[in-house]
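This report describes the protein shown below, first through one residue of interest and then as a whole. A second residue is treated at the end.

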Amino acid sequence: MMDTKLFARGDEGEWVDLGQGNRRRVILHTDELMLVEFAFEKGGIGALHSHPHVQGSYIAEGKFEVTVGERTQVLSTGDSFIAPSGVVHGVKALEAGRLIDSFTPHRADFLR
């Protein structure tokens, strides 16, 4: 545990452009848990996808159309959602905004 980074500042982390008006940066991670910030331009898309990780997402800023499985809702600043393991999910930014996502276990593909 002594080698694990336990704190992060808001200006740390490298942004990765994902296209479609979407970029991300890994905030902190251990083998068991990962925090990631996603920033979206208005109209930006987090394409429908699934993964084996459980994902919890907090809308830090903005308004999003969020689909989890067969359900779609409009969520805005302060709202949150969970995407269970293997369930198809995605978002569309109805205005510019940011999501803070947690993944368990961590997303190794985000560290490459």
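Leaving aside its neighbours within four places in sequence, which residues is Ser-57 in contact with? In this predicted model, the contacts of Ser-57 beyond that range are Asp-79, Ser-80, Phe-81, Ile-100 and Asp-101.

Ser-57 lies in strand S5, which covers residues 54-61. Its relative accessibility is 3%; because buried means under 20% relative accessible area, Ser-57 counts as buried. The side chain of Ser-57 also takes part in polar contacts with the side chains of Gln-55 and Asp-101. The distances are listed here.

| Side chain | Partner side chain | Polar contact distance |
|---|---|---|
| Ser-57 | Gln-55 | 2.9 Å |

**The protein as a whole**

The protein contains 10 strands and zero helices, and its pattern along the sequence reads β-β-β-β-β-β-β-β-β-β. Its radius of gyration is 14 Å, close to the 13 Å that the globule rule gives for 112 residues, so the protein is as compact as a globular protein of that length. The C-alpha trace spans about 40 × 30 × 25 Å along the principal axes.

Of the 112 residues, 35% count as buried; Ser-57 is one that counts as buried. Among contacts between residues at least 6 apart in sequence, 60% join residues at least 24 apart. The accessible surface of the protein amounts to about 6800 Å², and carbon and sulfur atoms account for 52% of that surface.

Is Gly-86 buried or exposed, or does it fall in between? Gly-86 has a relative accessible area of 48% and is therefore partly exposed, since exposed requires over 50%. Gly-86 is placed in the loop between strand S8 (80-83) and strand S9 (89-93). Not counting residues up to four places away in sequence, Gly-86 touches Ser-50, His-51 and Pro-52. The C-alpha atom of Gly-86 is separated by 9.5 Å from that of Gly-69, a residue 17 residues apart from Gly-86 along the chain.

Definitions and conventions:
Residues numbered from 1 in each chain as written. Predicted model: local features only at pLDDT ≥ 70, side-chain atom pairs only at ≥ 80, totals over all residues. Heavy atoms only, no water. Helix = DSSP H or I, 4+ residues; strand = E, 2+ residues; numbered from the N terminus. Rg over C-alpha atoms; globule rule 2.2 N^0.38 Å. Buried < 20%, exposed > 50% of the residue type's maximum accessible area, 1.4 Å probe, protein only. Contact = heavy atoms within 4.5 Å. Areas by Shrake-Rupley, 256 points an atom, 1.4 Å probe, with all protein chains shown as cover. Polar contact = N/O pair within 3.5 Å; in protein donor to acceptor, adjacent residues only side chain to side chain.
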